[in-house]
Amino acid sequence: MAAHRKPRQSPLSGHTVRTAATLALAGAATATAFDGTGHAEPQLTPTQVKAKVARLYQEAEAATEKYNGAKEKADTAQHRLDGLQDQAARKQQRLNTARDALGSIAAAQYRDGGIDPAWQLALSSDPDHYLEGAALAERAGDRQADAVSRVRDQLREIERLRGAARVELKSLRSRQTELKRQKKTITGKLEEARRLLSRLTPQQQAEATGNGTRTGTGRASRSAPEPRDAPEPTGSSPAPNSRAAAAVSYAYAKLGSPYVWGATGPNAFDCSGLVQAAYRSAGLSLPRTTYAQINAGRRVSRSELQPGDLVFFYSGISHVGLYVGNGQMIHAPNPSAPVRLAPIDQMPFAGATRVA
């Protein structure tokens with residue numbers, strides 16, 4: 001008999017080898033990750049940080065203007081809701097008074113027993129007096145019917161007011177949800193910008209934000225001169241009227257004030273808040289947001305600019321400044337810089353409006 005031979009072990013196929021190698025590499029990568037020696041986040045250069053921070057600030061400002069618009073609408077909705085609820089409460093009080101009066105009449109009728117008028121006439125000892133009283137009762141009945149009709153009208157009006165209040169409450173809640181969403185977007189962008197700037201030295205931060213000597217927290221150094229003391233430039237073209245002049249003067253007085261998103265003064269501002277406050281001081285009411293402010297007056301070209309004009313930037317009309325002459329504006333830039341004087345060619349110009 002032929003001897004039984006043990007079958008030979010077949011060599012690993014190419015596919016098996018590749019699979020094993022892949023698994024081994026995956027295991028090594030996993031082990032590396034657990035050992036804390038994985039790849040670090042790529043290190044950005046100061047120039048890259050500057051570009052990314054500028055983009056984050058622009059995106060945060062666009063979200064700020066949406067927040068401002070949503071807040072304005074939420075405030076309006078709240079005001080309308082309060083008015084509707086106040087009207088409903090006053091009408092409810094009048095309705096309660098009318099109901100009490102009807103209840104007294106009904107109770108009196110019940111006590112009188114509701115005797116048929118013909119029997120009352122037959123049993124009366126003074127028919128003439130009774131007939132006079134019956135005529136009076138008929139007129140009283142007409143007034144009672146009018147009172148019932150008024151009560152019904154009041155009920156319908158109260159229900160209408162309550163329905164309008166429910167609609168307004170739904171609108172308010174929608175605006176509040178939008179506010180929360182935009183606030184989350186803004187704080188997220190600003191936090192990321194702060195995180196990027198914290199990687200840089202104070203000097204690099206100053207270069208990235210264009211704000212001179214800065215501290216590590218991104219705020220102006222206390223030893224730096226106060227920019228709010230900057231005088232108005234001499235030789236610049238005068239404002240075309242007293243309102244524009246007053247707005248420009250206000251803006252100069254606010255140089256050095258901090259940027260705070262959503263703020264309209266008097267001690268802190270965002271970009272549209274500063275412009276709104278400047279013209280409010282001049283007796284002119286402007287809309288709250290950049291995309292509403294650009295339509296608040298007459299459009300003017302860049303070559304026609306005069307002090308007091310509003311100048312807008314970026315394709316989304318997300319930033320505004322107050323033109324003060326000589327190619328300069330006063331604006332609230334972003335959280336890394338206070339209200340300051342800057343050239344209008346610092347950002348992509350989108351248009352201008354004359355409101356005074």
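Which helices each supply at least two residues of the lining of the largest cavity? They are α2 (46-112) and α4 (127-198). This is a predicted model, in which local features need pLDDT of at least 70, side-chain atom pairs count only at pLDDT 80 or more, and totals for chains, interfaces and linings use all residues. Residues are numbered from 1 along each chain as its sequence is written, and side-chain values use heavy atoms, with hydrogens and water left out.

**View 1. The largest cavity and its lining.** A search of the whole structure finds one cavity of 30 Å³ or more, and the largest has a volume of about 30 Å³. A cavity is a set of points on a 1 Å grid over the protein atoms alone where a 1.4 Å probe fits but cannot get out; lining residues have an atom within 4 Å of a point. Grid points are joined across faces, edges and corners, and the volume is the space filled by probe spheres set on the points. Among the lining residues are Tyr57, Glu61, Ile186 and Tyr259. The largest share, four residues, comes from α2.

**View 2. Helix α6 (residues 242-253).** Helices (H or I, at least four residues) and strands (E, at least two) are DSSP runs, numbered from the N terminus. At 1.5 Å times one less than its number of residues, the twelve-residue α6 should span 16 Å, which agrees with end C-alpha atoms 16 Å apart. A side-chain oxygen of Asn241 lies within 3.2 Å of the backbone nitrogen of Arg243 at the start of α6.

**View 3. The buried residues of α6.**

Key
1 Å grid on protein atoms, 1.4 Å probe; cavity = no way out; pocket = protein on both sides within 12 Å on 5 of 7 lines; lining within 4 Å. Buried < 20%, exposed > 50% of the residue type's maximum accessible area, 1.4 Å probe, protein only. Polar contact = N/O pair within 3.5 Å; in protein donor to acceptor, adjacent residues only side chain to side chain.
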